[in-house]
Amino acid sequence: MIVSIIIPLAASASSTILIPVVILGVMGLVFGLVLAFAAKVFEVKLDPRVEQIIASLPGANCGACGQAGCAGYADAIVNSDAAINLCAPGGPASVEAIAKIMGKSAVASEKKVAVIHCSSGGTNNTKWKYAYQGVESCKSAVNIADGPNMCHWGCVGFNDCQAVCVFDAISVDEHGMRHIDKEKCTACGACVKACPRKLILLVPENRNVVINCSSKAKLPVAKQLCGTELPCIGCGLCGRKCPVQAITVENNLARIDYAKCIDCGLCFTVCPTKAITDAKAGMRKKAEIVAENCIGCTICAKICPTKAINGELKQVHTVDKEACIGCEQCVAKCPKKAIKLV
Amino acid sequence: MGFLGQLFVMAISAILVQNFVLSRFLGLCPYLGVSKKLDSAFGMGMAVIFVMTLASAFCYLIFQYLLVPYGLEYLQTLAFILTIAALVQFVEMVIQKNSPALYKSLGVYLPLITTNCAVLGVAILNITPLADGSRYNFIWSVLNGFLSGVGFTFVLLAMAGIRERLELVDMPKSMRGMPSGLILAGIMALAFYGFMGMKI
């Protein structure tokens, strides 16, 4: 049929241009129509939930969920029964959206942020062993004589963590120190993997107390090595002081178990080397019991980690302001909401 | 020579003497890229055989009945690419609908080889005049496409088999993966060079 249409055209004067154009044009047109037709006839319906989930995910393809990308995760949720709270960047919002699509109940994961457990690493607060002149990467720097810095547990400062952060949450100040923006950080864990010193750990966002060191060196050595001279020496004072036994010391290094930590800041106050930082230091309010609401149930006295609340059963309780550390544990537990913070 | 004799000659030629990968150096991308595992190499090989056979048939028809009558042989590359791309797309849709199992096993390899030079290569070689000035007819074109695909699959599987075993070899880290793969490809090409000039 095509041939019979084209043959008369061959007679025209401009046939050398026209014929190839027409033939290829018709070929393209026919193929296009066949494909368009086939797309309708042979259409395979995909599960619409997959597309809905892809739409509700952030689309960063960061891989925090363990899948290759957001599309892979959506497919895994629908077809392989994957957990719905694995998307770190999406946070509670996407968990809720996916829960709605899948008809599952939302179990939002606790929002975490990455924290660099080292106070050193800048141009003016690192003690150098030698001048490293090589590939500008932490991974390569740490391979030469345990890294160019004296402390071979500490930050080498070539910003591998910043390079892998797709959310632009890690910035470097004029002294070469890294700062993690809690707002931008999605706890995807890319920097945790990138740091060859394993300095970065994910910490629940609402915690303010951090042991800012990863050194496993002992007391005199640790201080000599540390650029900021604020190392954890593993003395264990914080662990003994901790009201909830959330701190364990291993290999001369204290670590906080954030599942137990109540963010009271007591460890910060006792640390002899100031290796522990507390963003809320001095800002914690003390508990006070409103006398008219208190029914004397003793729940607060039992929960108080420092035994700062006294009072007999069925009597109005009082708070010892000196002993109160402002951990706010009692506020949440009081059935009558009789405790306020001042 | 009868039909079977000719077929035998063509098979030996397409699979060993004029192997697409090792003596024509076409389709090197999947040869190195999809030869890490035997499973995926097999899937790729089947997809290549399938597409090469179909492409040979369709491109021959397009060339013989659309391009030759109007003296448009110089448009062969353009027309063949168009034909192959549309054909692979169409076949993919049909397979996805009618045979999900086959679709899963050919899977990603089908669209991958749409633009593979081996497929375009076989289509163009089919219409290229032979030493005696004649060209393959339709049947021989399709057979040549099929046998060339078999040849491709043969070396792809050989490569994948060797590479799977190389994984277990205690090799310097810098030689693992692609470097040893390239050396292997070179040695295999040298081995196939031995078939050159074979008279049947």
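Q: In what order do the elements of chain B run from the N terminus on?
A: Happy to start here: this is a predicted model, where local features need pLDDT of at least 70, side-chain atom pairs count only at pLDDT 80 or more, and totals for chains, interfaces and linings use all residues. Residues are numbered from 1 along each chain as its sequence is written, while chains are lettered from A and ligands numbered from 1 in the order in which they are written. From the N terminus on, its elements read α-α-α-α-α-α-α-α-α.

Q: Which helix of chain B gives the largest share of the side that touches chain A?
A: In this interface, 14 residues of chain B are in contact with 14 residues of chain A (contact puts C-beta atoms, placed from the backbone, within 7 Å). The chain B side divides into 11 nonpolar, 2 polar and 1 charged (nonpolar: Ala, Val, Leu, Ile, Met, Phe, Trp, Tyr, Cys and Pro; charged: Asp, Glu, Lys and Arg; polar: the others, Gly among them). The largest share, 10 residues, comes from helix 4 (residues 76-98) of chain B.

Q: How do helix 3 and helix 7 of chain B lie to each other, parallel, antiparallel, perpendicular or oblique?
A: Helix 3 (residues 38-67) and helix 7 (residues 117-127) of chain B pack with their axes 9 Å apart, at an angle of about 40° (axes are lines fitted to C-alpha atoms over the stretch in contact, and angles run from 0 to 180 degrees between N-to-C directions). Angles under 35 degrees count as roughly parallel, over 145 as roughly antiparallel, 65 to 115 as roughly perpendicular and the rest as oblique. Therefore helix 3 of chain B is, relative to helix 7 of chain B, oblique.

Q: How many nonpolar residues does the contact of helix 3 with helix 7 of chain B have?
A: Helix 3 of chain B contributes residues including Val48(B), Met52(B) and Phe63(B). Helix 7 of chain B brings, among them, Val119(B), Val122(B) and Ile127(B). By class there are no charged residues and 2 polar ones, and the nonpolar count is 12.

Q: Is Arg178(A) buried or exposed?
A: Arg178(A) belongs to strand 3 (residues 178-180) of chain A. A residue is buried if 20 or more other C-beta atoms, placed from the backbone, lie within 10 Å of its own, exposed if 12 or fewer, and partly exposed in between. Because Arg178(A) has 21 other C-beta atoms within 10 Å, Arg178(A) is buried.

Conventions
Helices (H or I, at least four residues) and strands (E, at least two) are DSSP runs, numbered from the N terminus. Two residues are in contact if their C-beta atoms, placed from the backbone, lie within 7 Å.
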